[in-house]
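Here is a short briefing for a first look at this structure. It covers strand pairing, then salt bridges.

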Amino acid sequence: MCAATGGANMSKHEQILVLDPPHELKFKGPFTDVVTTNLKLRNPSEKKVCFKVKTTAPRRYCVRPNSGTIDPGATVTVSVMLQPFDYDPNEKSKHKFMVQTVFAPSHISDLETVWKEAKPDDLMDSKLKCVFDMPHEHEKPAHEATRLFSFLPAKSTDDIEPRKLVEECKKLQTEIIKLSDENRRLKDERRKGRGMLGDQSHCIPSLLVVIAAIFIGFFLGKFIL
């Protein structure tokens, strides 16, 4: 139920409730969705208190609960929900809230009856103004910043070095395959008696294979570290 509008009666007694916040209700933008702020009402007295929350802009806010009772020593949290609207930074907020209270009678049958029968001298009230706070660019929520950076390409030098190492490893692996094929070919030729390289004909490719494997191990070790 949305908060009701009502005029303020002059209080004869000081407000018995302790309000938190005491003077302002701050609403943090952007205001494209419902923005909620909480108001805590604490009753430090030894008597039960009836309360009612009113606003000068009832169509712009919903309040839950907007009325009720608070037992001695208890606290009630009131949620004030600002409805979405087009924010104009040049327009100052003139919205105000009032928390009106009265000590509850010994027997409560109906809250509406309590307020109707309450004498003006028995009423207490506190007024709060509304403040709209639009965050700056650097104060945007963290999830928005994360979503933004997730679409940006990674250009960190830390990423470039591993990529180079992986490419080098792939090239070396290709060379190893070629050398292995060449080694097998030379062995086949030697067996058939067509090769004239003797027993050392396959040593050079085998040695190159070993050297290439050492280089791969070096680059992979650097990549992992």
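**The open sheet**

Five strands make up an open sheet with mixed pairing, in the order β2-β9-β8-β4-β6. Strands here are DSSP runs of E with at least two residues, numbered from the N terminus, and two strands pair if DSSP finds at least two bridges between them. The edge strands, β2 (24-28) and β6 (67-70), each pair on one side only.

This is a predicted model: local features need pLDDT of at least 70, side-chain atom pairs count only at pLDDT 80 or more, and totals for chains, interfaces and linings use all residues. Residues are numbered from 1 along each chain as its sequence is written, and side-chain values use heavy atoms, leaving out hydrogens and water.

**Strand pairs**
- β2 and β9 (residues 124-133) run parallel, joined by five bridges.
- β3 (residues 35-42) and β7 (residues 75-82) are antiparallel, with eight bridges. T37 stands opposite V80 in β7.
- β5 (residues 61-64) pairs with β7 in the antiparallel sense over four bridges. Here R64 stands opposite S79.

**Salt bridges**
- The count is four, taking a side-chain nitrogen of Lys or Arg within 4 Å of a carboxyl oxygen of Asp or Glu.
- E24 and K129 form one of them, at 3.6 Å from N to O. This pair joins β2 to β9 across 105 residues. E24 also stands opposite K129 in the strand pairing.
- K28 and D133 form another, at 3.3 Å from N to O. They too lie in β2 and β9, 105 residues apart.
- K48 and D71 meet at 3.5 Å, N to O, in a salt bridge. Their loops lie between β3 and β4 (49-55) and between β6 and β7, respectively.
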